[in-house]
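User: I would like to go through this model with you and ask, for each label, what it rests on.

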Amino acid sequence: MNLFTRPMKLLTAVVLEQTSDRVVKSLLRLGVLDFVHINKLDPGQMEKLSFRQSSVSRSALQDMRHRVEALLKQGHITVPTSEVLDVQNLEKPQLEAFKKTLDDLTASLLSLKEKQKESNQMVMGLEEMQRYIKEDKGEYLDLRVGQITKGRSEDLKEKIAAFGGLLESVENTDLWISLTLRRDVGQVDPLLEKFGWMESSDVQLQQQAISMIKDQLGKEHDAALAEREKIEKAVDEMVSSQQAQLFAIWANLRLNELSDQIRSYFAYTRNTTLFSGWVPTDQAEVVEQAIIQASEGQCVIEWTDARQVPRNEVPVAVSSPKILAPFQRMVNNYSTPEYGSVNPTIFVMIAYLCMFGLMFADVGQGLVLLLVALLGKYGYKKNPLKKDGMISRNLTDLLIYLGISAMIFGALFGSYFGLSLFPAIWFNYEAVVAGHGGDGSLITDVYDILGLTVKFGIIVIYTGLVLNWINLFRKKSYLQLTLDKNGLLGGVLFGTGLYMGFAFVESGYQSFPSDPWIAPVLAVSLFLLLIRGFLAYYISVKQGGKRHDLGTVTMDAILEWFIDILEIFTGYLSNTLSFMRVAGLGIAHASLMQAFKELSSLVDGFGGVVIFILGNILVIVLEGLSSGIQSLRLNYYEFFSRYFTGKGVAYQPVGLKNSSSEQR
Amino acid sequence: MSSDRVSLYGFINAKLRAKIGLMRQSKVIENLLHASSLVEAVGVLRDSKYHAVAEAYDRTGDLQQMELVLLGMEISMYKEVARYLEGSSADLINHLLEKIEIDNLKNTLRLWYSSIMRQRPIRHRSEYLFKEIILYPIDWTALINATSWDVVGESLKDSPYHATVTAFSEQDLQQSGLFPLETALDRMWYVHLMDCVKTLKKADEEVATSMFLLEIDLRNLIMLVRYGWYHHMDADAVKKLLLPWGKVASSKETEAYLRQNASERNPHSIINRYYPGLEQETVPLHRESTNYDEASLLETLKIEGYLAERRKAIYQRMLAQDPFTIGLSLSYFFLFKEETSMVKAILNGKYYGYEEAYIRGVLV
C-alpha cells in the first residue's frame, strides 16, 4: 500500500500502423493505460496528424450489446462479465449477421410470448369462474344442464369457449353442462337456442352440476396454467439454447467497443500511429515491453515525468489493500485526492472505527453486527446473482470492521448486551453515565466522557493538519504550508486556543490564562496571517500573474484576513466541539441499554427476556445506524476539511477488467 | 405556522426530492425508446424500479397485465404520500387518488357497457381491472357482473360516485353512450377538487389553486381543440364540457372561438393567446392533404403535446419554489404519472412494432 497516491508517468508512443492492431490488443490486455488525446499535449502538432473515424460506430456496438444483454436477461441468464473477454478473439464485428441472429431470436421469443399471453388470458377467464364458485358467488354464473338437439356439440363447445365458458357432457347420459358468466347471458341464450338447447328437469342433476363442472374447470385451469408455465420455461430454454452464441456476440461487441475506445485516442501520420496516456510508474516497464513486443521493436517510446505536467492534469491512482476496500469506498465517495497527496484511506479507517467504537461500545451487539455481516457475505457468496438487499455487499464488508470495533470498545468499557458480565478493561461506561463512576478511574462522570471525546477530536483535527502540512510540503506550497489557516500558523493558533480553552475549564470557567507568551504569539500569528495576502500577491506577480493597484491588494488582503480569522476562531471551535456528538451518542447508547434493562426487570420470566432482546435489537438498529452516519459525517467534515482538497482526476485505464471503461 | 409547515412537509419533501432526483438521473425512458422490441424494452425495466412490471411480462407475456402492475404502483405511490401527511393536505392527496378511482370506474363502466349494452363478450378482460379498494368500498366484481343498470348503481352505493352515476338512466346510455356520464364524473371530481383546495392552509391553497386552475385551463383548451375543432361539435355542447374555472372558460376569446362556424375555427389563435409559441404552419397543409382525418388527428396530438409540455415546464418550475407547501408533492405526482404514462405508451408502441422515431413523435 502506498502512503501517497501512486506516482504516474506519461507515455507517448509512435508505432507503425501495420502493428497498431497488435498494440491495441496488448494495451487492452494490460489495462493500465489511461489515455489522453494527443491534442491535449501539443495542439501545435495536430496539423501534421490526422484522426480516423472508426468503420463501425461505438454506439451501434453498444446498442447491439444491450440487445444481447436484454435477450439474456429475458432468458434469466446472467450477463457475461469481462471474464469471458479474450483479446485473442478480437475480430471485426459481423453486425449484419449478429443483427439477423438477434432479430430471429427476438421474433421467436415474441411469438412464444404471444402464445403465453393467450394462455394467460385463458387462465384468467377460468380463474374468474373458479373464484366465483369458491366465494359462493353463484349469482355471477350461469349454470345449465340440458340436451343439444340441433347441430354438433363440438361446435357449441367452441362457441361457448369464445365467451370463456365451458360445455361438458354428463357421463352415461346425453346431457350437457354449460357454465358461462351470467353477464354473457344475453349472448349465450340465443346461442343455446340455435343449438336447440333443452333444459333438463332433473333437479338432482341440476344441483350436482356445479360439483361436476368444478372438477372440469379445475382441470382446464391447471392445463392452461401448465401451458403458460411451459411457455415461460420454453422462453428460458430458447435463450439458453443460444447462450453460447449470444456470449460470443457479446464478447465480440465488447472487445470492439474497447478497441474502438482505445483507437479514438490514436492520431496518425501516413505510416505511423501516435498515442499517449498515463501509467502508474510501477507499471511503466511492463507497458513499454508490451509495446515493443507488439510492434516488434519498431516503435518510439517517450516518458514524461508527472512533475513536468500541471498536477491537476495527472490522474490519481490510489492503491489500498483489498482489506481496506470499505474505507477506500468512503474516500472515493467523497472525492478523488489530489495527485501526490497522502492516501487518506488508512487514516479514515482508524478514525472511523474509533469514532464508531466510542459511540457503539458493546461486545454482544458488536458480535451481532459481525454475525450479520458474515451471514450476509456467506449468502452473497452462495448466491452470486442475488441482488443487493438492504444490507448490501459493500455494507457487509464494512459491518465486519464495525462489529470488531464495537467488540473491542465494548470490552474496554465492560458492556456485554448492556450487561457488565466482565470487568471493564478501561472504565465502565454505563456506570459512569448512571453516576456510579468507578473509584480510582480517570473517567468518573459524563463530563469526563465529553472531555475524552473532545481530546479525541483534537487528535483527529491535528492529524488532519499534519497530513495537510505533508501534502503542502510535497506540493512545495510553502506559503500555504506556513501561513495558511490549515498550515503551521493555523496549527499554532489552534494549539494556543486549546491551551486557553483547557485553562479556562480548569479554572472552573472563571478566567482565561494570563501566560506572558500568549498575547505575543497571538499578535504575531495574526500579523503573519495578514501579510500572507500581500506575500501571495507578490509571488503571483513574480510568476507572471496580473498586477493590481495597492489599494485593491490591501483591501483583498484585509478582507481575506478578516474571513480567515473568523474561520479560524469559529471553525476550529465548532470542529472541536463537534466531537462531543461522539460522547452524546455513546451516552445515549448506554442510557437506552440501562432503560431496557430496567424495563425487563419489571417483568418476570419470558416477558422480561423478550423486552431485553427487543431492546437490544432496537439499539443495534437505531444506534448502529446513527453511529455509522455520525462517524462518516465527522470524517467528511471535521477530518477531510483540514487536508483533503478533492481536486484530483480519477485514474481510469481502459482495459478488459476496468468497469470504468464502459462509462467513457 | 411556519414551523408547522416544516414539520408537515419536511420529511415527505426530502423523500420526494430524493425520488425526483433518481427519476431525473434514470435513463429508463430513453433506453425504452431505444429498445428494438418489446422483449428488449422489458429488459430495460428489469433493472429499474419497474422490475415488477418486467416480472409480470415473464409470468404472463401479457402487456395489459404489465399495465395493471403499473397502475398498482401508481396507487401505492399516492397512498404512501398521503400516509406521511395529515389533515387537509392528506385529504387533497386522497382526492387526487380519487381521480385514479374514477378512471378505473370509467374503464369498468366501458367494459360493462360493451358487455351488457352492446352485447359483446368481454371474456377475461374484466380481470385486467383493478379490483382492490382504492379509496371507497366499491364492489368492482358486482359492478362488472351487473346484468342491469340498477345493480351497477347498487355496487357504488357506498361511494360518492353513486349519485352521479344513477343520475343517468339505462335509456340515457342507450341514446348517448357513456361520454356524458364520463364527463359528469370528471366534472364532479373537479368540483370536489376545488372544494378540497379551499380547506387547505393559506400557502397550500395558493399553490394548489394556481396549479389546478392551470390544469383546468389546459383541460378546457384541449376540449376546445378536440371537440370544438377536431370533432366540429356545436358551441353549446362544447360549452357544457368546459369547467367553469380558470381564465379560458369565461374569456372573450373562447366566446369568439365558439361563435365561429365549426369548420372555420382556428385553435392556434386561442392557444397562443394563453400560451404563446405554438407553431401554426401545419394546419392549412394538413387540411388540404388527402388524408384529412389523419392530418387533423396528428395536429390535435401536436397541440395536446404542446400543452402537455407547457404543463410540464410549470410543474418543474414548482420544484424550485417554496419547499414547505403541497406544491412539491403535486409536482412529484405529475412527474411520476408522466413517467408511468410514457412507460405504458412505449411498451404499447413496442408491442405493435412501431419505430423509435414514431413513438417519440407521439410522445412529445
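User: In which helix of chain B does Asp204(B) lie?

Analyst: The model is a predicted one, and in it Asp204(B) belongs to helix α12 of chain B, which covers residues 202-230.

User: Why does Asp204(B) count as buried?

Analyst: A residue is called buried if 20 or more other C-beta atoms lie within 10 Å of its own. Asp204(B) has 24 C-beta neighbours inside 10 Å, and therefore it counts as buried.

User: Which residues does Asp204(B) touch, leaving out those up to four places away in sequence?

Analyst: Asp204(B) touches Ser89(B), Thr325(B) and Ile326(B), where a contact requires C-beta atoms within 7 Å.

User: What makes the size of chain B agree with that of a compact globule?

Analyst: For 364 residues the globule rule gives a radius of gyration near 21 Å, and chain B has 21 Å, so the two agree. The C-alpha trace of chain B spans about 55 × 50 × 45 Å along its principal axes, and buried residues make up 33% of its 364 residues. Of the contacts in chain B with a separation of 6 or more, 60% are between residues 24 or more positions apart.

User: How many helices and strands does chain B have?

Analyst: Chain B has 20 helices and 0 strands.

User: What makes β3 and β5 of chain A a pair of strands?

Analyst: Pairing requires at least two bridges between the strands, and 7 bridges join β3(A) (residues 141-148) to β5(A) (residues 175-181), the two running antiparallel. Within this pairing, Arg144(A) has Ser178(A) as its bridge partner. β3(A) also pairs in the antiparallel sense with β6(A) (residues 197-199), over 3 bridges, and there Ile148(A) has Trp197(A) as its bridge partner.

User: How do you know that the span of helix α15 of chain A agrees with its number of residues?

Analyst: At 1.5 Å a residue, the 30 residues of α15(A) (446-475) should span 44 Å, and because the end C-alpha atoms are 43 Å apart, the value agrees with the expectation. The buried residues of α15(A) include Ile449(A), Val460(A), Trp469(A) and Leu472(A), and also Thr453(A) and Asn468(A). After α15(A) comes Lys476(A), whose phi is positive, near 65°.

User: Which residues have the most contacts inside the largest nonpolar core?

Analyst: The largest nonpolar core has 73 residues, and those with the most contacts inside it are Leu33(A), Val68(A), Leu71(A), Val287(A), Ala41(B) and Val53(B). Helix α8 of chain A (residues 243-263) supplies the largest share of this core, 8 residues. Another core, of 61 residues, lies apart from it, with Leu105(B), Leu200(B), Tyr257(B) and Ile326(B) among its residues. Beyond its neighbours within four places in sequence, Leu71(A) is in contact with Leu102(A), Leu105(A), Thr106(A), Val239(A), Leu246(A) and Val39(B).

User: How many residues of chain A are in contact with chain B, and with how many residues there?

Analyst: Here 31 residues of chain A are in contact with 26 residues of chain B. On the side of chain A that touches chain B, α3 (58-74), α4 (95-134) and α6 (185-194) each supply at least two residues, and α4(A) gives the most, with 12 residues. The residues of that side divide into 10 nonpolar, 9 polar and 12 charged.

Notes: Residues numbered from 1 in each chain as written. Chains lettered and ligands numbered in written order. Predicted model: local features only at pLDDT ≥ 70, side-chain atom pairs only at ≥ 80, totals over all residues. Contact = placed C-beta atoms within 7 Å. Helix = DSSP H or I, 4+ residues; strand = E, 2+ residues; numbered from the N terminus. Nonpolar A, V, L, I, M, F, W, Y, C, P; charged D, E, K, R; others polar. Core = buried A, V, L, I, M, F, W, Y, C linked by C-beta atoms within 7 Å. Buried ≥ 20, exposed ≤ 12 C-beta atoms within 10 Å, placed from the backbone. Expected span 1.5 Å × (residues − 1). Rg over C-alpha atoms; globule rule 2.2 N^0.38 Å.
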